[in-house]
Amino acid sequence: MSLSSKGHKNICNQLQLLDITHCSKLSCLFSNTKFPITLKHLTIRGCPELEYIAQEFEETACLESILIFRSGIKSLPRGLDKLIHLQEIWLDSCSNLVPFEESGLLTTSFRAFLVDRCGKFGALPKCMASITSLRELRVCNCSADISFLSEGFPVNLASLAISNAPKIYRSLVEWGLNRLTSLQKLTIGGGGCSNVVSFPEEGIGMMLPPSLTRISLSEFENLEFMFSEGFQDLASLKELVIDNCPKLTSLPKKDMLLSLGYLRISRCPLLKEECSSDKGREWSKISHIPLVKIDFKNVIPRESD
C-alpha cells in the first residue's frame, strides 16, 4: 500500500532508480519520509490506486525522468520548475490526470514531453513555447478540448506527434508549421479535423519544413488530396505513411517524392485503387520508390505469388 524506509534509514539518501509495476493497492509512495532527493529515474506502471507521488519536489531533487503509465495519478507534485536536471516526462493512460499547476518547467535540460490517452488532461503547461531545449512533443488522445498557447510552439522540436487534438492542429496550421526548422518527424492523427480536405492546407498556402525526414498522417476522414506545393523543398524526406484516410485519392506530384525510400498506405481504398500498377493514375508517382506497402502487402518490390 505504501513504501517505507523504516529499517533502511539511508535508502532515501542513496536511491537513484525506482520502478514500480502492477501494484494494485499502492496508494502512496513514501508514507513516512520525504521524496528521495537522490532519485534520478521514476517509473510507475499499473498502479490504479496511486493518486499522488508527493506533495512537492525539493529544490535539491535530482530527477531526470518521470514515466507514469496506466495509473490513478491525479496530478504531478508542485515544484516541477525546481527540477534542474529533468529531461523527460511521459504520461500514458492516466485517466484521472489533470493539467499541471502553473509552476512551469525549467527550460535548460528538458528534452521530451509525451502525454497519451489521458482523458482529463486539457491544457499544456503555459511555459511550453519557451522551452528551447525541447526536442520531442507528443500529445495524443487526451481531452478533445486540449489546446496550445497563442505564444506558439517550441521552435527546436525534432519530433512532433498530435492525435485527436483538433485545436492543437488548427493552432499549428495558423502559427506556421514551416517555422519548426529543426523538425524531422511529423505525426498527425486527424481525429476531429473533419474540415481538412487537403494536406498541407491549400487555402492558406501551408508549407512543410524542409528538415522533415518522416511524415505520418492518419484518421483524416475528409482528406481528399495532397497539396503538392506544400511539399516543396523536402529533399530529406525518406518516409511517408498514410493510414485510414478513406476519401484520399491523390499523392503529391512525383517531383516532390523523389527522395522517398519508403511509402506505406493502409485503409485508404480510393488511393489504393489509384496506386494500382495496372491502371492507377498515381502509379507513376510511386514506381521509383524502393519500398512501397499498401494494406501491409509489398507492392514494390512485388510479393511473389
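Biologist: What should I know about the model before I start?

Modeller: It's a predicted model, where local features need pLDDT of at least 70 and side-chain atom pairs count only at pLDDT 80 or more, while totals for chains, interfaces and linings use all residues. Residues are numbered from 1 along each chain as its sequence is written, and side-chain values use heavy atoms, with hydrogens and water left out.

Biologist: Let's start with strands. Which residues of strand β7 are on one side and which on the other?

Modeller: The general idea first: in a regular strand, side chains alternate between the two faces of the sheet. Strands here are DSSP runs of E, at least two residues long, and helices are runs of H or I with at least four, numbered from the N terminus. In β7, Ala112, Leu114 and Asp116 sit on one side, with Phe113 and Val115 on the other. Both faces are covered, and those residues are all buried. Buried means under 20% relative accessible area, exposed means over 50%, and partly exposed is in between (1.4 Å probe, protein chains only). β7 runs over residues 112-116, and five of its five residues are buried.

Biologist: Which strands pair with β7?

Modeller: Two strands pair if DSSP finds at least two bridges between them. Strand β6 (residues 88-92) pairs with β7 in the parallel sense over five bridges, and Glu88 has Ala112 as its bridge partner. Strand β8 (residues 136-140) also runs parallel to β7, joined by five bridges. There, Asp116 is partnered with Cys140.

Biologist: Now a single residue. Is Ser159 buried or exposed?

Modeller: Ser159 counts as buried because its relative accessibility is 19%. This serine lies in strand β9, residues 159-163. For its surroundings, look at contacts, meaning heavy atoms within 4.5 Å. Leaving out residues up to four places away in sequence, Ser159 touches Arg135, Glu136, Leu137, Leu183 and Lys185.

Biologist: What does Asp243 touch?

Modeller: With residues up to four places away in sequence again set aside, Asp243 touches Leu217, Ser218, Glu219, Ser266, Arg267 and Cys268. Asp243 is in strand β14 (residues 239-243) and is buried, with a relative accessible area of 15%. Its side chain also makes a polar contact with the side chain of Ser266, at 2.7 Å. A polar contact is a pair of N or O atoms within 3.5 Å; within protein, one must be able to donate a hydrogen and the other to accept it, and residues adjacent in sequence count only if both atoms are side-chain atoms.

Biologist: How many aromatic pairs are there, and how do I read one?

Modeller: A pair of aromatic rings is described by the distance of the centres and the angle of the planes. Rings of Phe, Tyr and Trp (its six-membered ring) pair if their centres lie within 6.5 Å; planes under 30 degrees apart count as stacked, over 60 as edge-to-face and the rest as tilted. By this rule the count is four. One of them is Phe113 with Phe121, a tilted pair at 6.4 Å centre to centre and 40 degrees between the planes. Phe113 is buried at 0% relative accessibility, and Phe121 is buried at 0% too. Then there's Tyr169 with Phe220: their centres are 5.9 Å apart and the planes are at 65 degrees, so this pair is edge-to-face. Tyr169 is in helix α1 (residues 166-175) and Phe220 in the loop between β12 (214-218) and β13 (225-226), so the pair ties together parts 51 residues apart in sequence. Tyr169 and Phe220 are buried.

Biologist: Last one: how many salt bridges are found?

Modeller: Side chains of opposite charge can pair when their charged atoms come close. The rule here is a side-chain nitrogen of Lys or Arg within 4 Å of a carboxyl oxygen of Asp or Glu. Searching the whole structure gives 14. Among them is Glu56 with Arg78, whose closest N and O atoms are 3.7 Å apart. Glu56 is in the loop between β4 (41-45) and β5 (65-69), and Arg78 in the loop between β5 and β6, 22 residues apart. Glu56, Arg78 and Lys82 are linked in a network of salt bridges.

Biologist: Where do Glu201 and Arg170 lie?

Modeller: Their salt bridge has its closest N and O atoms 2.9 Å apart. Glu201 is in the loop between β11 (198-199) and β12, and Arg170 is in helix α1, so the pair ties together parts 31 residues apart in sequence. Glu201 is buried at 14% relative accessible area, whereas Arg170 counts as partly exposed at 23%.
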